[in-house]
Every structure is written in structure tokens, then in C-alpha cells.
Amino acid sequence: MYSEPNFDYNNFNLQNEQQHGFLNNNCSPQIEELNVVSNPSLDTSIPTRSRSKKRRVKTSKNEEEIENQRMTHIAVERNRRKQMNHYLSILRSLMPQSYVQRVDQASIIGGAINFVKNLEQRLQFLGVEKEKEGKFDTIDANKSKPFSEFFTFPQYSTSVCENASETKMGGEVHQSSNTIADIEVTMVESHANIKIRSKKRPKQLLKMVSSLHGMCLTILHLNVTTTHEFLFYSLSVKVEDDCKFGSVDEIASAVYKMLERIQQESILN
């Protein structure tokens, strides 16, 4: 009979594994070497050189900018100090020598502060003295001629100056001790404001109202203030179309003639 040969399968598998393992071990290093050589991403020599050049250029530019900024700052600071020294020199020249004992900045500024404080004190003192004098002058003026503060540019004035007449507001100012009243007329379009200061006379207000109405000057507002022997009239009138007076000087002259007539009538009566 035919008998099958005996094979040791275990030994056969072991030999196969050893052969395959040997092949794998021998082949794997070659494959790794090929992968290393064939991969261009691992070669970093060229990008490294370009980066170093960029860094050098950027660093040099930064150094130039820093140097320019430093020089600009030095120039600005130099000009500032020059200007400050100039102003301090002017400030020192404006003060008395007693306020500046030294020439350094702190001494000059401190002396200027003390000098200004002294000027403020003297100014306040002079203001108080002037106010006192003004009060006495006002009291004396009010006693002699009350209501004088209400007149700015009168056409007729009882005050006597060096010149008999002077021009103000484009018109002639009549000043004389013989003037019977102070009269000031201002006009805006067809409305006029009349101020009169005169001595008290019988029925003077009634005659004034009647005369103004006859001159086509309609009274819109009337205010009368009295003190001792003087009267102050403030009238707001409308200049009608039929009125023959078209300027402040003409109205003032007509009012003055009206007061002269009233005075003459009071004397005759």
C-alpha cells in the first residue's frame, strides 16, 4: 500500500514566517530611505535663507524709523526750550527787579505770580477809591441837576461846556446856561422817543399834550417823574404822515419852541 509522507507543518510555518520576516526586515530600511529622499518638504535649506534676509531688512527699517523719531523728538524739545527761555526773558523784563532775585525758571515764575497778585490788590484799592469818588460826584450832580443820567446825546442841554455847541449823532447840540430845558429825541422809522427835563410850570403837561397833537405827533406812552422843582418827561410818539418834521433835530427844535411858548405864557399869567 501507498503511504503518505509525513510533513511537519509546524516547522514549515515557522520557516515561512522567518523567511517573510527576513524579507520584510531587509526591505523596510530601503523604503524609509527612499521616502526621506523623495519627500521635498523635508528639505528646509532654501526657505530658511529667504526668511533670514527678510528679517534683516525689517530690522534695519525699524532701526531707521527709531533713529528718525529720536532726532525729531530732540529737535522739538530744543525748539520748546528755546521758546520757553524767550518768554521767560520777556516776563522778567516786565517785572520790577525786586521781584526777580534769581534768573532760574522757578524764581521768574514765582516773582511773576507775586507781581500779578500785587497788581490785583492795587487795582481793587483804586476801584474802591474811584467808586467812592463817583458816589460823591453823583450825589452832588443829582442835587444840582437830577435826571441827568437819562440823557446820552441831547439836542438841547442846560450844561455849559467850553464850546457853545458841538456835533453829536449827526446833529447840533445847543448848550447854554439860558437853555430852558434838556431835550433828547431819538427816532426809529415812524416812532420817536422824546425826553424832556425842565422846571415845573403851571399846566405845562396839558399844554404839551395839546401842542404835540397839533404837530401830528400822536402820544403812545407818557411817563412823568418829579423831584423838587424839576420834571422829567419820557414820551413815545408816532410820527403821522401829515407831520412836517422828518428828523430828530426838527422834532427837538419844535419841542423846544413849544416849551419856550409855555414858559412865556406862564410868565405873563
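This is a predicted model: local features need pLDDT of at least 70, side-chain atom pairs count only at pLDDT 80 or more; totals for chains, interfaces and linings use all residues.

Let's start with Val 224, which sits in strand 6. Residues are numbered from 1 along each chain as its sequence is written, and side-chain values use heavy atoms, with hydrogens and water left out.

The cut-offs are under 20% relative accessible area for buried, over 50% for exposed, and partly exposed in between, with a 1.4 Å probe and protein chains only.

Val 224 also belongs to a nonpolar surface patch of about 250 Å², together with Leu 205, Val 209 and Leu 222. Patches take residues with over 30% relative accessible area and no salt bridge; nonpolar side chains (Val, Leu, Ile, Met, Phe, Trp, Tyr) are joined within 5 Å, like charges within 9 Å. The areas are Shrake-Rupley with a 1.4 Å probe, and for residues only the protein chains shown count as cover. Which elements give two or more residues to that patch? Helix 4 (204–214) and strand 6 (217–227).

Staying with strand 6, let's look at the pairing. Two strands pair if DSSP finds at least two bridges between them. Strand 6 and strand 7 are antiparallel, with ten bridges. One example is Thr 225, whose bridge partner in strand 7 is Phe 232. The two strands make a hairpin with two residues between them, and His 228 has a positive phi there, near 55 degrees.

Strand 7 (residues 230–239) also runs antiparallel to strand 5, and nine bridges join the two. There you can find Asn 193 opposite Ser 236 of strand 7. On to strand 4 (residues 181–188), which pairs with strand 5 (residues 191–199), antiparallel again, over eight bridges. Met 187 has Ala 192 in strand 5 as its bridge partner. Strands 4 and 5 form a hairpin too, with two residues between them, and Glu 189 in the turn has a positive phi of about 55 degrees.

Now the salt bridges. The rule is a side-chain nitrogen of Lys or Arg within 4 Å of a carboxyl oxygen of Asp or Glu. How many salt bridges does that rule give? Five.

The one I'd point at is Asp 182 with Arg 197, at 2.8 Å from N to O. This pair links distant parts of the chain, with Asp 182 in strand 4 and Arg 197 in strand 5, 15 residues apart. Asp 182 counts as buried, at 4% relative accessibility, and Arg 197 is buried at 4% as well.

Asp 182 has another partner: its side chain makes a polar contact with the side chain of Ser 157, at 3.4 Å. A polar contact means a pair of N or O atoms within 3.5 Å; within protein, one must be able to donate a hydrogen and the other to accept it, and residues adjacent in sequence count only if both atoms are side-chain atoms. Ser 157 is in strand 1 (residues 156–157) and is buried, at 5% relative accessibility.

Arg 70 bridges to Glu 67, with the closest N and O atoms 2.8 Å apart. Why can these two meet? They are three residues apart in helix 2 (residues 45–93), so about one helical turn separates them. Arg 70 is partly exposed at 43%, and Glu 67 is partly exposed at 36%.

Arg 81 and Glu 77 form a salt bridge at 3.3 Å, N to O. These two are four residues apart in helix 2, again about one helical turn. Arg 81 is exposed at 52%, while Glu 77 is partly exposed at 23%.

Last topic, cysteines. A disulfide here is a pair of cysteine sulfur atoms within 2.5 Å, and the search of the whole structure finds zero. Cys 216 is in none; its nearest cysteine sulfur, in Cys 243, is 5.9 Å away. That distance is too far for a bond. Cys 216 is partly exposed at 24%, whereas Cys 243 is buried at 12%.
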